[in-house]
Amino acid sequence: MFAQGLLEALSFPYHEPRHGFWGEKTSTLNFCEEDYVMSYYCAEVCNTITNALFVWLGYKGIRDCITYSHPPIFFVAFAGYIVVGLGSTFFHASLKYPMQLVDELAMIYTTCFMCFATFSYGRSTRFSIVLGTGLVSLAWFITARYYKTKDPQFHQDAYAVLTAIVVFSNMWIMERILRPALKKREESRKGVRTPNSPRLPTTNEMMNQMWVMVATGLSIFLGGYLIWNLDNMYCSTIRQWRHRVQLPWAVVLEGHAWWHLMTGLGAYFYILWRIWIHRCLDGDEDKFRLHWPSILSVPEVVAVEDTLDKKRQ
């Protein structure tokens, strides 16, 4: 009873929906978070501030790309990832259509970067140019069609298909190309190891860790998608619950905000996954490690000496 009374004493109601600082809504989408009920200056506060995760993880990814000289395409992918977060921030703050386009189209372009990273690896310059031209053409087509139709289902389907292509292709690469290559190098090292040689993870250890990361990232991503859909399906009921619970506790019922957090984290996992595949395909598993001390931490692909320093800390 005391706890319930304390929570009620610290609660306060939502403001009624109203017109806000940014004026009339021009976006073609609006979500279950009510407009300007928390702030006159920000249309959807929870949907806005949760995009900070994209900026933080994107910065972290770019910093690691520079520090460890990861392939430049991943620097570009993390830059696109940050643009998604910034576009989404301005979109949800203002509900303006140009910012909606920045948010949604950046998702398409960043996934195209990941397609290029996946399918250009180990291929000729000519193939990479043709692939890059094809992906630019595809991105232009999706942009033009979406701008003309303004059909959100088309955008969602295009993003889902591109993402599925990247994910399932990398799963195939893991098992059909990477595992045999790691196993072959593991066998070749057995005869040349000395007692003072640092121990490398076995092929099975590396692949198991990679699969756990894939499963974790996919579960987080799909969990966010499920929550967002439930938020859309039962919006009127959830809004009633929020008004009963009141602020600040009701923010945990903002489903689209959870979508931002969970898909942002899932997308970061999948970029890191491809970086680690790249490094292992290059034969650099003795120089780099996937540093992921626990499932509650954020993974990194770092140099071996940095992994040892992190363990000492």
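I take helices as DSSP runs of H or I with at least four residues, numbered from the N terminus. The model I am reading is a predicted one.

**Entry 1: the largest pocket**

I looked up the volume of the largest pocket and noted about 950 Å³ of space. I then went through its lining, which has 45 residues. Closest to the pocket centre I found Met107, Tyr159, Phe221, Trp259 and Thr263.

Which element supplies the largest share of the lining? I have α7 down for that, with 11 residues.

I also sorted the pocket lining by class and wrote down 26 nonpolar, 16 polar and 3 charged residues.

**Entry 2: the cavity**

How many cavities of 30 Å³ or more does a search of the whole structure find? I recorded 1. For the largest cavity I noted a volume of about 40 Å³.

I listed the residues that line the largest cavity: Gly61, Asp64, Cys65, His70, Phe78, Tyr268, Leu272, Ile275 and Val301. The elements giving two or more residues to this lining are α3 (52-68) and α10. By class, I counted 6 nonpolar, 2 polar and 1 charged residue in the cavity lining.

**Entry 3: cross-check**

Note on methods:
Residues are numbered from 1 along each chain as its sequence is written. This is a predicted model: local features need pLDDT of at least 70, side-chain atom pairs count only at pLDDT 80 or more; totals for chains, interfaces and linings use all residues. Side-chain values use heavy atoms; hydrogens and water are left out. On a 1 Å grid over the protein atoms alone, a cavity is a set of points where a 1.4 Å probe fits but cannot get out, and a pocket is an open set with protein on both sides within 12 Å along at least five of seven lines; lining residues have an atom within 4 Å of a point. Grid points are joined across faces, edges and corners, and a volume is the space filled by probe spheres set on the points. Ala, Val, Leu, Ile, Met, Phe, Trp, Tyr, Cys and Pro count as nonpolar, Asp, Glu, Lys and Arg as charged, and the others, Gly among them, as polar.
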